[in-house]
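Me: I have a model open and would like to go through it with you. Could we take it one topic at a time?

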Amino acid sequence: MVDTLAKAFIETIKLKDLYTFNHSKNVCKYSLRIGEELNLEKVTLDNLRYASLLHDIGKVSIPETILHKSTSLTEKEYIEIKKHSMIGANLLKKMNLNDEIVKGVRHHHEFINGQGYPNGLKKEGIPLIARIISIADAFDAMTSTRPYRGPLSTKKTLKELNECRGIQFDSEIVDVFINLIKKGDLLATG
């Protein structure tokens, strides 16, 4: 059942926004490697796979004028885009998906210091799956071409992740991710 729903949602993402579709596949790849390196149990890895693939499903409700905007978002547009994690989580909850998947989608923009959204969770109050997706999501976003900027190099992106450890990102997971990149276990651009 979860596979069928996930495939339908992923196809919906692909139809709505090809960037988000490809981004979600990359976030899933990075998230799963982190999860494997952390020796997560199979059930948790399965939940991580679905949550990372579906982390941006709520963007189907965001107007394309915002999603594809070539300049900085206005404050009002940023407030609108921030709704995607709650919208996605609510959609998945209505479909009776596993609570760990729903929480991964809902909380992937929470910050370790409590300054993220939607609930301002801190540290271990943020579900592990969401903390993993957060790093994978940020890495792929920074190393991808966006309408408003070109991709950052891997070196610059890893520097940014390192500078945000303990503030935005879980320090242990940043270390795991950086080590995977340095060992060549993950393909990265730049």
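Me: Where is Met 95 found?
Reply: Met 95 is found in the loop between α6 and α7; helices here are DSSP runs (H or I, at least four residues), numbered from the N terminus. The model is a predicted one, in which local features need pLDDT of at least 70, side-chain atom pairs count only at pLDDT 80 or more, and totals for chains, interfaces and linings use all residues. Residues are numbered from 1 along each chain as its sequence is written, and side-chain values use heavy atoms, with hydrogens and water left out.

Me: Is Met 95 buried, partly exposed or exposed?
Reply: Met 95 counts as partly exposed because its relative accessibility is 30%; buried means under 20% relative accessible area, exposed over 50%, and partly exposed in between (1.4 Å probe, protein chains only).

Me: And which residues is Met 95 in contact with, leaving aside neighbours within four places in sequence?
Reply: Met 95 is in contact with Leu 5 and Phe 9 on that basis, where contact means heavy atoms within 4.5 Å. Leu 5 is 90 residues apart from Met 95 along the chain, and their C-alpha atoms are separated by 8.3 Å.

Me: Changing topic, what does UniProt place at residues 20-142?
Reply: The unreviewed UniProt entry gives the feature "domain: HD" there; such annotations may be inferred rather than shown by experiment, feature names are shortened, and positions are given in the numbering used here. In the model, the span is 62% helix and 0% strand, and its end C-alpha atoms lie 13 Å apart.

Me: What about Thr 20: buried or exposed?
Reply: Thr 20 has 3% relative accessibility and therefore counts as buried. Thr 20 has its place in helix α2 and touches Ile 13, Asp 56 and Lys 59, not counting residues up to four places away in sequence.

Me: How many residues does the largest nonpolar core have?
Reply: The largest nonpolar core has 45 residues, and those with the most contacts inside it are Leu 48, Leu 54, Leu 92, Leu 161 and Phe 177. Such a core is a set of buried Ala, Val, Leu, Ile, Met, Phe, Trp, Tyr and Cys residues joined through side-chain atoms within 4.5 Å.

Me: Which element gives the most to this core?
Reply: That is α8, with eight residues.

Me: And what is Leu 48 in contact with, leaving aside its neighbours within four places in sequence?
Reply: The partners of Leu 48 are Ser 31, Leu 32, Gly 35, Leu 40, Ile 129, Ile 132 and Ile 133.

Notes. Helices (H or I, at least four residues) and strands (E, at least two) are DSSP runs, numbered from the N terminus.
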